[in-house]
There are 2 protein chains.
Amino acid sequence: MSMIAGPLLQTLYDAKLHRLLVREKERPFDRIEAREMRVLIAGFGRFGQIIGRVLRARRIPFTAVDVSTANIDFIRRFGSDVYYGDASRLDLLRAAGTDKAAALVVAVDDVEASLRIVELVQQHFPAVKIFARARNRQHAFRLMAMGVKTIIRETYASSLEMASAVLQGLGASEAEARVLIERFRKHDEATMRRQAAVRDDDVKLIAAAREAALQLEHLFESDTAPEDLQSADQER
Amino acid sequence: MSMIAGPLLQTLYDAKLHRLLVREKERPFDRIEAREMRVLIAGFGRFGQIIGRVLRARRIPFTAVDVSTANIDFIRRFGSDVYYGDASRLDLLRAAGTDKAAALVVAVDDVEASLRIVELVQQHFPAVKIFARARNRQHAFRLMAMGVKTIIRETYASSLEMASAVLQGLGASEAEARVLIERFRKHDEATMRRQAAVRDDDVKLIAAAREAALQLEHLFESDTAPEDLQSADQER
């Protein structure tokens, strides 16, 4: 239950804060409105909002779309080109001006909606660069199979930050932890690519997973030189 | 629905893979068993598993606890000291050997369970260093109020990676994107601390939010020197 209550509570909190903020002084959005929309953000929860804040701070105009009407007030704070609706519908994508976008950020938390959005945009707006949030490895595999180039697993980077913090808590230096995590990341991403290539073939998938586990131990056990790391990485 | 189906599908996938793997060759875990447990990982889904993989690769012994019986097979792959149960129960924490742990990683996705675990461990095992996953800002505020030092919001780092990728997709260099994201991160973390200090006072919370929004624009608009950044950071 809390998985669903979490974002709602956050939204209510943000909406409340926003109402209190705008009561005193409304911020002008004209500078953003005057420029053409360059980025479409589909899904404006925890993940999409961070993208929006970075873009806004850089004065890069974007349109945010979210299925949650509770997000309305909060989204409005970020610009005037805001649509409330289902970004996995072609009419919404057209209305949002996707044909003029340079980039689409698929930041919805629903896996099937994410895949539908990617499919629609690839089909109808092939010039738009797609950046996709993935729930997990399986979702990432499906996005990779669709040809999406930039796929970021939603908890992956934070879990690596945590792993780094734990290693340091146990006595590793910051530099040691950084090297280890970077090594893990390269390894994991190479493994993902290998597994994605054989994800429909159980035997090959198992072989890839076993090889990956062995490689990982080797990478961490030995004082692997950067050259070795690189060549291991190129084996994928 | 898919928010709940996601991890289940991942788990089933991993369990399937694991069953196929162990059928052919079981890996020996004796080296891990022979050493004392140093880390307790409460919650072994997407987030906790990454921590576990990093620790395992470093031969750091850990115990994982998860409420999901579906995770059993998968967790077993990571070591023999595995408990299936609710880590927010004191008897489970005792049975898992929390008194011998140097660190506790709270990686459960349920906010209330996370807070209960922290409370129990602070009360009964005060020597254990706590590393907590937070669902969102509100959860992070509550963990901060409890005195937890290392709190990592579960989608925050990945959303910043995505923001960096989008900036680069729009023409920023990798170095430019890195500087901007680092600036955003410092700003956001300082804002979090300020907001946490006044989270029960609406007026001060609003003032902190407004100041943060203005500061963020300033940080991004100007060619802020590192000294300026630092002093802004110290204002918190």
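This is a predicted model: local features need pLDDT of at least 70, side-chain atom pairs count only at pLDDT 80 or more; totals for chains, interfaces and linings use all residues.
Trainee: Let's start with chain A. What does its secondary structure come to?

Mentor: Chain A has eleven helices and six strands. Of its 236 residues, 57% are buried. Among its contacts with a separation of 6 or more, 59% are between residues 24 or more positions apart.

Trainee: How do you know that the span of helix 8 of chain A agrees with its 14 residues?

Mentor: Helix 8 covers residues 156-169, and at 1.5 Å a residue it should span 20 Å. The C-alpha atoms at its ends are 20 Å apart, so the two values agree.

Trainee: And what makes you call helix 8 of chain A mostly covered?

Mentor: Eleven of its 14 residues are buried, that is, under 20% relative accessible area. They include Tyr156(A), Leu160(A), Met162(A), Val166(A) and Leu167(A).

Trainee: Which residue with a positive phi follows helix 8 of chain A?

Mentor: That's Gly171(A), with a phi near 115°.

Trainee: What makes the phi of Arg59(A) worth a remark, then?

Mentor: Most residues other than glycine have a negative phi. Arg59(A) is not a glycine, yet its phi is positive, about 60°. You'll find Arg59(A) in the loop between helix 3 (46-57) and strand 2 (62-66) of chain A.

Trainee: Why is Arg59(A) called buried?

Mentor: Its relative accessible area is 17%, and the cut-off for buried is under 20%. So Arg59(A) counts as buried.

Trainee: What about Arg59(B)?

Mentor: Arg59(B) has a positive phi of about 60° although it is not a glycine. Its place is the loop between helix 3 and strand 2 (62-66) of chain B. At 16% relative accessibility, Arg59(B) counts as buried.

Trainee: On to salt bridges. How many are there over all chains?

Mentor: The count comes to 22.

Trainee: What makes the pair Arg46(B) and Glu154(A) a salt bridge?

Mentor: Their side chains meet at 2.7 Å, N to O, and the rule asks for a side-chain nitrogen of Lys or Arg within 4 Å of a carboxyl oxygen of Asp or Glu. So the pair qualifies. This pair crosses between chains, from helix 3 (residues 46-57) of chain B to the loop between strand 6 and helix 8 of chain A. Both Arg46(B) and Glu154(A) are buried.

Trainee: How do you know that the salt bridge of Asp188(A) with Arg53(B) joins two chains?

Mentor: The closest N and O atoms of Asp188(A) and Arg53(B) are 2.9 Å apart. Asp188(A) lies in helix 9 of chain A and Arg53(B) in helix 3 of chain B, so two chains are joined. Asp188(A) is buried, with a relative accessible area of 0%, and Arg53(B) counts as buried at 17%.

Trainee: Which residue forms a salt bridge with Asp188(B)?

Mentor: Arg153(B) does, the closest N and O atoms being 2.8 Å apart. Because Arg153(B) is in strand 6 of chain B and Asp188(B) in helix 9 of chain B, the pair ties together parts that are 35 residues apart in sequence. Arg153(B) is buried at 11% relative accessible area, and Asp188(B) is buried at 0%.

Trainee: Which residues are linked in a network of salt bridges?

Mentor: Arg46(A), Arg133(B), Arg135(B) and Glu154(B) are.

Trainee: Where is Thr155(B), and why is it called buried?

Mentor: Thr155(B) sits in the loop between strand 6 and helix 8 of chain B. At 4% relative accessibility, Thr155(B) counts as buried. Leaving out residues up to four places away in sequence, Thr155(B) touches Arg46(A), Phe47(A), Glu154(A) and Ser158(A).

Trainee: Last topic, the largest pocket. What is its volume, and which residues are closest to its centre?

Mentor: Its volume is about 2,100 Å³. Of the 49 residues that line the largest pocket, the closest to its centre are Glu161(A), Arg185(A), Ala157(B), Glu161(B) and Arg185(B). Elements that give two or more residues to the lining include helix 8 of chain A and helix 8 (156-169) of chain B.

Trainee: Which element gives the most to that lining?

Mentor: Helix 9 of chain A does, with nine residues. By class, the lining has 23 nonpolar, eight polar and 18 charged residues.

Methods: Residues are numbered from 1 along each chain as its sequence is written. Chains are lettered from A and ligands numbered from 1 in the order in which they are written. Side-chain values use heavy atoms; hydrogens and water are left out. Helices (H or I, at least four residues) and strands (E, at least two) are DSSP runs, numbered from the N terminus. The expected span of a helix is 1.5 Å times one less than its number of residues. Buried means under 20% relative accessible area, exposed over 50%, partly exposed in between (1.4 Å probe, protein chains only). On a 1 Å grid over the protein atoms alone, a cavity is a set of points where a 1.4 Å probe fits but cannot get out, and a pocket is an open set with protein on both sides within 12 Å along at least five of seven lines; lining residues have an atom within 4 Å of a point. Grid points are joined across faces, edges and corners, and a volume is the space filled by probe spheres set on the points. Ala, Val, Leu, Ile, Met, Phe, Trp, Tyr, Cys and Pro count as nonpolar, Asp, Glu, Lys and Arg as charged, and the others, Gly among them, as polar. Contact means heavy atoms within 4.5 Å.
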